[in-house]
Amino acid sequence: MAYWLYKSEPFKWSWEMQKAKGAEGEEWTGVRNYLARNNMRAMKIGDKGFFYHSNEGLEVVGITEVCALSHPDSTAEGDLRWDCVDIRAVCDMPKPVSLKDIKANPKLAKMSLVTSMRLSVQPVTEEEWFEVCRMGGLDNPPLSPSE
């Protein structure tokens, strides 16, 4: 899988904060769900993702990419069950894509954001990637490197 969605409450970690980290990026820490952790373990350098503001905003606001592979989460206090990846901001979504608009689009009815609302790190299919990018005004969305 080459595309993902990362959910963050903007008062804890916002898109603006992510962008401020620059090319170095930041660890995507604090995930304590096995499925979300396993999603991060499957990620590859260069995989792209949506940055989604949850609770406030409820919208895709930017594009990220994985810049460091899965490694122990520095906030897990020595608990080796929990991993994270590092991600960096790639670009803003020209027009944020709201959850309401995603749910209203029949092409996205099976998207994990619609069916697995609580999962903080989710896979996104290639078709979903292009549709959300289209909705957000990205005519030439950033793509993951081919394997």
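Author: Gladly! Let us begin with a pocket: on a 1 Å grid over the protein atoms alone, a pocket is an open set of points with protein on both sides within 12 Å along at least five of seven lines, and lining residues have an atom within 4 Å of a point. A volume is the space filled by probe spheres set on the points, which are joined across faces, edges and corners. By that rule, the largest pocket holds about 510 Å³ of space. Its lining has 17 residues, and those closest to the centre are Lys7, Ser8, Glu9, Ser54 and Ser120.

Please keep in mind that this is a predicted model, where local features need pLDDT of at least 70, side-chain atom pairs count only at pLDDT 80 or more, and totals for chains, interfaces and linings use all residues. Residues are numbered from 1 along each chain as its sequence is written, and side-chain values use heavy atoms, leaving out hydrogens and water.

Reader: By class, what residues does the lining of the largest pocket have?

Author: There are five nonpolar, six polar and six charged residues in that lining. Here Ala, Val, Leu, Ile, Met, Phe, Trp, Tyr, Cys and Pro count as nonpolar, Asp, Glu, Lys and Arg as charged, and the others, Gly among them, as polar.

Reader: Why is the pair of Tyr6 and Trp28 called edge-to-face?

Author: Rings of Phe, Tyr and Trp (its six-membered ring) pair if their centres lie within 6.5 Å; planes under 30 degrees apart count as stacked, over 60 as edge-to-face and the rest as tilted. The structure holds six such aromatic pairs. For Tyr6 and Trp28 the centres are 5.2 Å apart and the planes stand at 65°, so this pair is edge-to-face.

Reader: What makes this pair tie together parts that are 22 residues apart in sequence?

Author: Tyr6 lies in strand β1 (residues 3-8), while Trp28 is in the loop between β2 (26-27) and α2 (34-41), so the pair links parts 22 residues apart in sequence. Helices (H or I, at least four residues) and strands (E, at least two) are DSSP runs, numbered from the N terminus.

Reader: And why is the pair of Trp15 and Phe51 tilted?

Author: The ring centres of Trp15 and Phe51 are 5.2 Å apart and their planes are at 55°, so the pair is tilted. Trp15, Phe51, Tyr6 and Trp28 form one aromatic cluster.

Reader: How do you know that Tyr6 is buried?

Author: Buried means under 20% relative accessible area, exposed over 50%, and partly exposed in between (1.4 Å probe, protein chains only). Tyr6 has 0%, so Tyr6 is buried. With 6%, Trp28 is buried as well.

Reader: Then why is Lys44 called partly exposed?

Author: Its relative accessible area is 38%, so Lys44 counts as partly exposed. Lys44 is found in the loop between α2 and β3.

Reader: What makes Cys133 and Cys91 too far apart for a bond?

Author: A disulfide is a pair of cysteine sulfur atoms within 2.5 Å. The sulfur of Cys133 is 7.7 Å from its closest cysteine sulfur, in Cys91, so the two are too far apart for a bond. By this rule, the count comes to zero disulfides.

Reader: Are Cys133 and Cys91 buried or partly exposed?

Author: Cys133 is at 0% relative accessibility, so Cys133 counts as buried. Cys91 is at 21%, so Cys91 counts as partly exposed. Cys91 has its place in strand β5 (residues 83-98).

Note on methods: On a 1 Å grid over the protein atoms alone, a cavity is a set of points where a 1.4 Å probe fits but cannot get out, and a pocket is an open set with protein on both sides within 12 Å along at least five of seven lines; lining residues have an atom within 4 Å of a point.
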